[in-house]
Amino acid sequence: MKTPSARDAADVIRSRLGLEPVETRRFPTGLCHHVFSVTASDQQKCVVRIATPKTKRLLAGGVYWNDFLRPIGVPLPRIVATGLEPSEIEFPFVVLEQLPGTDLSQIYQTLTSAEKLEIVSEVVRIREKVSALPEAGGFGFAYSYEEPPAYRTWEGALLAILERAQQRMSHSGHPGGSYVERATQTLSRYGGYFASVRPVPFLDDTTTKNVLVEQGRLTGVVDVDQLCFGDPLLTVGLTQTALLANELDVDYVQHWMNLLRLNRQLRRVVDAYSLLFCVDFMSELGQRFNKENQPEIDVEKFVRLKSVFETLAN
């Protein structure tokens, strides 16, 4: 089956912007879309996100939420053109302005503690803007308010992440299956807390990726294809897992929890969310996603995630 290519991205720029691409390169990150940076003949730089039929709903969700979030001050890139039912190429696409900056993960080790504090302070301010949007009629991820989240409880939404991880690992002969049950047992200790969570909106994936930084300052956030409704601390836990999985310090997360004035109990909730994502990260190893070929399970990464899990579980 054909997959989106740099040629497709160049064709989008020609047909929609009337410009000739002079450089087209694919971003190495991302699991769903094929994302390209295109420099046009007038030196304008754009990002072309191309979906497959399987991921088209995510692309449409990104267009929907962009219309909600940019007007309230969330620094998302401006949409230049869309083609969810394109005629000129085979795949759905969105063209975005290319914001300055680099993913936080790529420059994290160069940042001072003060710069990390400034960046995460802006992330917290963005979170407050998003949380002012209306609640949803359910918990979990949503492409729009017209398609509310699928789960009646926040705990149900969390367990669905573990169920997805279990399915991935069972299909690939994965060695991490036992960690699903351990993470499930940990989450069960917080049933009372989960029952108190309201379905408030938050950006679930503004972690060490999708947060753009330049000269120690946040310049924008990207790739908001869905909004999550539930506990915003989930993002803190995910960020902690991402840092630990890459053997980085967690100063950024400590600043985040301090800004939110989390007590000891809530910090334990963050650790429980981190365990959840340790298992989720394990399940991604060996998955093809949008890669050309099925990769082998990265044993070194798996061992690292096991170590992170054991440390957080104690």
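**A pocket, a helix and a sheet**

The second largest pocket of this predicted model has a volume of about 160 Å³, where a pocket is, on a 1 Å grid over the protein atoms alone, an open set of points where a 1.4 Å probe fits, with protein on both sides within 12 Å along at least five of seven lines. Its lining residues, which have an atom within 4 Å of a point, include Arg189, Tyr190, Asp271 and Asn314. Two or more residues come from each of helix H10 (264–284) and helix H11 (299–313), and H10 gives the most, with four residues. By class, the lining has five nonpolar, two polar and three charged residues.

The model is predicted, so local features need pLDDT of at least 70 and side-chain atom pairs count only at pLDDT 80 or more, while totals for chains, interfaces and linings use all residues. Residues are numbered from 1 along each chain as its sequence is written, and side-chain values use heavy atoms, with hydrogens and water left out.

Helix H4 (residues 113–131) has 19 residues and reaches 27 Å from its first C-alpha to its last, close to the 27 Å expected at 1.5 Å a residue.

Five strands form an open sheet in the order E1-E2-E3-E5-E4, with antiparallel pairing, two strands being paired if DSSP finds at least two bridges between them. Strand E1 (21–26) and strand E4 (79–83) stand at the edges with a single partner strand each, so one side of each is left without a neighbour in the sheet. Within the sheet, strand E3 (residues 45–50) and strand E5 (residues 93–97) pair over five bridges, and Ile50 stands opposite Phe93 in E5.

Notes:
Points joined across faces, edges and corners; volume = space filled by probe spheres on them. Nonpolar A, V, L, I, M, F, W, Y, C, P; charged D, E, K, R; others polar. Expected span 1.5 Å × (residues − 1).
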